[in-house]
Amino acid sequence: MPATLGHIGIQYLVTKAFLPAADVKWILAGCVVPDVPWIIQRAATGLTDVPLIDLRLFAIAQGSLVISLVLCAFLATFSKRFWSVFLILALGSVLHLGLDALQTKWANGVVLLAPLRWDLLNFGMFWPEDWPTYALYGLSVAAGIRIWANDPRSGTDLQFPSGWRAPIAALLLAAYASLPVLMKDGVRAADLHYAATLEDTGNRIGKPIEFDRSRFGIFPGGANLKAWTGEEFQLIGHLPIQGETVSIRGRFETSAAIRVSEFHTHASGVRDAASYSGLLVIILWWVFCIVDRFRAWFR
């Protein structure tokens with residue numbers, strides 16, 4: 001997916017075109033909603049005993065459109081304007097997933113129709129290192145300057161859920177946390193991200209495999225790849241000659257060795273920097289809005 005920074009500009013412009021009165025803070029929140037499971041997965045890795053494959057299955061389910069809409073509804077209970085905010089967040093989530101589907105990610109994609117269908121949507125129009133990605137970054141920087149200079153950092157609509165909203169918010173949060181557990185079997189059966197193939201260590205010889213943005217290392221006599229499962233695989237065949245992060249396609253030659261048929265070398269560190277900077281912008285904007293709300297309460 002494009003980094004967080006790549007979402008801000010285009011999603012701001014499109015949302016404002018359809019919803020001119022949309023509050024910037026909720027537009028920015030909509031840029032992040034589908035990524036929340038992946039942020040949680042990264043934070044939880046190493047801090048829990050849950051197997052990495054189970055964490056990945058959970059994140060895939062939780063990042064689907066239907067579960068993202070549950071999170072949108074939960075967040076909207078913190079606004080006095082529930083339905084208008086829900087609409088902003090829902091549009092943002094759809095735009096986010098649609099943008100994600102444009103970028104090439106082997107073994108990855110967007111889940112739009114879960115739990116009815118577990119197909120991954122990926123149009124593969126450009127890589128993270130191609131010019132459209134950098135154009136999105138540039139658009140976001142320009143939009144960010146315009147937003148910071150002209151849009152109000154207001155928290156006047158913010159509130160803690162009370163009355164009928166409180167139990168609704170609790171139910172929505174419980175659904176967001178629990179429904180992906182019930183959907184994990186569907187993700188596993190569809191072998192999304194090749195999770196089922198990687199889990200079945202004794203029967204993967206000869207099966208196709210793909211990895212997106214994985215750690216790559218060259219050593220005397222060969223090369224290896226560290227997968228998101230924590231396993232390291234020996235790579236043979238058509239190999240990169242350099243690079244720290246690669247995407248590959250191939251087939252298991254043995255349980256621990258992959259014959260590579262295609263690869264793509266990624267620019268190291270660029271996407272992470274764009275993600276962190278985009279998240280920082282969103283967090284700072286929300287901090288200002290929350291401070292504004294507290295000031296109103298004290299007054």
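## Asp54 and its contacts

Contact means heavy atoms within 4.5 Å. Keep that cut-off in mind for one residue of this predicted model. Leaving aside its neighbours within four places in sequence, Asp54 is in contact with Lys184 and Arg188. Asp54 itself sits in helix 4.

Is Asp54 buried or exposed? Buried means under 20% relative accessible area. Asp54 has a relative accessible area of 19%, so Asp54 counts as buried. Its side chain also has a polar partner. A polar contact of 3.2 Å links the side chains of Asp54 and Arg188.

## The largest pocket

The largest pocket has a volume of about 1200 Å³. Its lining is made of 36 residues. Closest to the centre are Gln41, Arg42, Arg56, Arg213 and Arg271.

Which elements supply at least two residues each to this lining? They are helix 3 (36-44), helix 4 (52-62), strand 1 (208-219) and helix 10 (270-298). Strand 1 gives the most, with six residues. By type, the lining holds 14 nonpolar, 11 polar and 11 charged residues.

## The second largest pocket

The second largest pocket holds about 490 Å³ of space. It is lined by 18 residues. Trp26, Leu75, Leu158, Trp286 and Ile290 are the closest to its centre.

Helix 2 (24-30) and helix 10 each supply at least two residues of this lining. Helix 10 gives the most, with eight residues. How do the lining residues of this pocket divide by type, and how many are nonpolar? There are 16 nonpolar residues, one polar and one charged.

## Strands around strand 5

Strand 5 covers residues 257-266. What are its partners? Strand 3 (residues 232-237) runs parallel to strand 5, and four bridges join the two.

Strand 4 (residues 245-254) runs antiparallel to strand 5, and nine bridges join them. Here Ser247 has His264 of strand 5 as its bridge partner. Strand 4 and strand 5 form a hairpin, with two residues between them.

Note on methods:
Residues are numbered from 1 along each chain as its sequence is written. This is a predicted model: local features need pLDDT of at least 70, side-chain atom pairs count only at pLDDT 80 or more; totals for chains, interfaces and linings use all residues. Side-chain values use heavy atoms; hydrogens and water are left out. On a 1 Å grid over the protein atoms alone, a cavity is a set of points where a 1.4 Å probe fits but cannot get out, and a pocket is an open set with protein on both sides within 12 Å along at least five of seven lines; lining residues have an atom within 4 Å of a point. Grid points are joined across faces, edges and corners, and a volume is the space filled by probe spheres set on the points. Ala, Val, Leu, Ile, Met, Phe, Trp, Tyr, Cys and Pro count as nonpolar, Asp, Glu, Lys and Arg as charged, and the others, Gly among them, as polar. Buried means under 20% relative accessible area, exposed over 50%, partly exposed in between (1.4 Å probe, protein chains only). A polar contact is a pair of N or O atoms within 3.5 Å; within protein, one must be able to donate a hydrogen and the other to accept it, and residues adjacent in sequence count only if both atoms are side-chain atoms. Two strands pair if DSSP finds at least two bridges between them.
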